[in-house]
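Subject: Structure handover and notes

Hello,

I am passing on the structure we spoke about, and below it you will find my notes on what was found. Please read them with the structure open beside you.

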Amino acid sequence: MRIASLIIAAACALASIAATAQTKVTLWSHWAAEKIKRDFVEDAIRRFEAANPGVKIEAQWYEKTALYAALKTALRAGTAPDIFYAEPDQTEYMENNLLLDLSSLNWGGIEPWAKEIWSHKGKPYGLPLEAWTVELFYNKKLLADLGIKVPSSMQLDAAAMTDLVKKARVRNQTPMALGAGDRPFPGAHLTHEALLKRLGVADYDNLLTGKLSWSDARVVDTLRTLRSWIDAGLLPTTFTTLKLGESHSYFHTNPGAVLFLNGSWYTSRAFNPPDKGGQPPNFPLGIMKYPAMPQAVCNECRTISVGGSFVVNAETKNGRQAIAFLNSMATPETASRWLENVLVQTGIKADYSKVGGPHAGYFKELAATSQGARYYFGIPIQKMQGKQKEVFTQVFNNAFPAGTISVDDAVKQMNAAYAK
Amino acid sequence: MQRNPIDRQPWGAISAFLLPALTIYTAFTAYPVLRTIWNSFHRVLPRKEEFVGLANYAALAKDDLFWRAVGNTFIWACASPLAEVGIALFLALALYARVPGMRFFRIAWFTPVLMSYVVVGIIWVWIYNYDWGAANAILRTLGLERWAAAWIGDPKLALPSLIFITTWMWSGFNMVVLLAALHSLPSEVIEAAELDNCGWGAKLWHIIIPLIKPTLLNLLVLSFIGKMKIFDLVWITTKGGPLWSTETVSTYLYKRAFEWSTFDLGYPSTIAAVWFVIVLLAVLGLTRALRSREKLEY
């Protein structure tokens, strides 16, 4: 009798263990300090766990630099999480076979261009959650005060831009807020958008991949136009040390600037309350296209890039569950939630016209700037590697916009970086 | 013939005392150094290691960014010790001569070294801010507007501006060490000089400096080594820019290891190995060159 009851008790215990056994999927992500994005991912985790009671996703949040350093060590040591945050320029992950091929993901729910950005040697590797375009924001009031009207094309020409810079400087205003103090890319937006328009997608790609010389007359001409704006005082005097976060408040609050060239993720900071770094209430925010360049091949060309994404560790034992989680995010509903809450574009297919909420008007204006656009995928540092990337960052993110290197020297530096 | 048990070496006790220290030294110093040298002959990727012989060394010899970083680091490591120790000696002499407010000055001059490079870096980025930083504000107040500059944004000014920060930071520390050396000088020698009507300048040059020369030498060498390894201040303020004007070997090594979108640890190990040898030779050379040939007697 006693033995029988012991057997029954053991069987019950085993059954309860089996019932509560869960597959634990680990996830490491950037955005520790970006509450809106973190809330979005945590909400996606809750929804997934509710629909999949046998799976528990354990998330750890980092800031980007700390995350990348931790991943480099963990991937070598075989202790990396099942899913982690990555961006498509991190080709070293793919080249070293550290990521799981995500061909089995539901790609029907994802924009084809976003899939292309995440593809390496024909295989896709990342869920492109965050996408962004380079936008030229402006303060409608300051621009009107200068007597400048944005044309119906939403695009100034180079002469009008020169006029804007000069008029702003006469009024002791900074024409364009931009800072390269803590990031390797914001200062370079000025140059790469201009070069893309002047050269068109094919030749611009040739330039970035070393098939077209930086001494090409069209490149030099474009750089000279930019240099004339820079010399006229386009950027803040603190440009080289101004941090990205500071450049936001430089534009909308103190001291204020007419224009702000930034990723479309501007709004994920600016639409916060002012005490959390957001723009003042009723700030007259406008968006226009980057100025048309003289003799441009493609003034409608612009850069679109994929930012924060999730990838799966090639060594994971929970690949099926990890892919299921990523699939749970690759839906139009998730995309709408992302747009309404995070206020940045996404690589997941979404209907922008259906975005509601208090910022619906903003999305309409954002969509208008992209009307008829031809896209180039990725900013230059996502295309470059090693020395080219380092030289491009030093020259075009920093020294050239700061006016501390001449056009000729900038061209020389870039040609040397590509020399075999 | 049997040995006296007292003469026998107590190997058990020796091992027991040496083993912990040897284990720690082997694990945390010897192995990493040897592993770095080993890596420098390989391409070290996750789960893959490939012998490349001297290829990394050959590439390093042609790496203009590395040599630029070497140049900047040597400028820093040569200029800083002279400035720091020179200023520190002046300050220590002022305190030794009991200037009014010496207690306050001793604390005030020593305080910067108590802060980490990260805090110091952030403070000085503010001080050097073109629009509202203290440096330019003072110049504008003095009517020297034309001297206002983007101190760490201009390739010509960035390195001297950072050297100024380390000089500001470390002069106080050197001052305290030199002050201790001055206070330990034999009073009879100083008094004898005073009885011979020896002036301040002559006393300083012929008596004080020779007597504190070992301390000066140690401070120069320590400062030199510290600047050869400098990383954190540069990383916080300029990240090696603009245009590599403040790139040091340490920042370049870090970039190559963690920011050049490659997992390869072989090339960064080569930089580390070569730099280790350069620093070692430089320190040996410096010590030999500055070593006193005659022992002072007093």
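Predicted model: local features only at pLDDT ≥ 70, side-chain atom pairs only at ≥ 80, totals over all residues.

Residues are numbered from 1 along each chain as its sequence is written, and chains are lettered from A and ligands numbered from 1 in the order in which they are written.

P380(A) counts as buried because 25 other C-beta atoms lie within 10 Å (buried means 20 or more such atoms within 10 Å of the residue's own, exposed 12 or fewer, and partly exposed in between, with C-beta atoms placed from the backbone). Leaving aside residues up to four places away in sequence, P380(A) touches A188(A), H192(A), L208(A) and F392(A), where a contact means that the C-beta atoms, placed from the backbone, lie within 7 Å.

Helix 8 (residues 189-208) of chain A packs with helix 9 (residues 217-231) of chain A: their axes come within 9 Å and cross at roughly 170°, the axes being lines fitted to C-alpha atoms over the stretch in contact, with angles from 0 to 180 degrees between N-to-C directions. The two helices are therefore roughly antiparallel (over 145 degrees; under 35 is roughly parallel, 65 to 115 roughly perpendicular and the rest oblique). Among the residues that meet are L190(A) and A194(A) from helix 8, and V219(A) and L226(A) from helix 9.

Chain A also has an open sheet of five strands, in the order 2-1-3-13-6 and with mixed pairing, where strands pair if DSSP finds at least two bridges between them. Its edge strands, each pairing on one side only, are strand 2 (55-61) and strand 6 (126-127). Strand 1 (residues 23-29) and strand 3 (residues 83-86) run parallel and are joined by two bridges, and W28(A) has F84(A) in strand 3 as its bridge partner.

Turning to chain B, its secondary structure comes to 13 helices and two strands, and its C-alpha trace spans about 80 × 70 × 30 Å along its principal axes. Buried residues make up 31% of its 298 residues.

Best wishes

Notes: Helix = DSSP H or I, 4+ residues; strand = E, 2+ residues; numbered from the N terminus. Contact = placed C-beta atoms within 7 Å.
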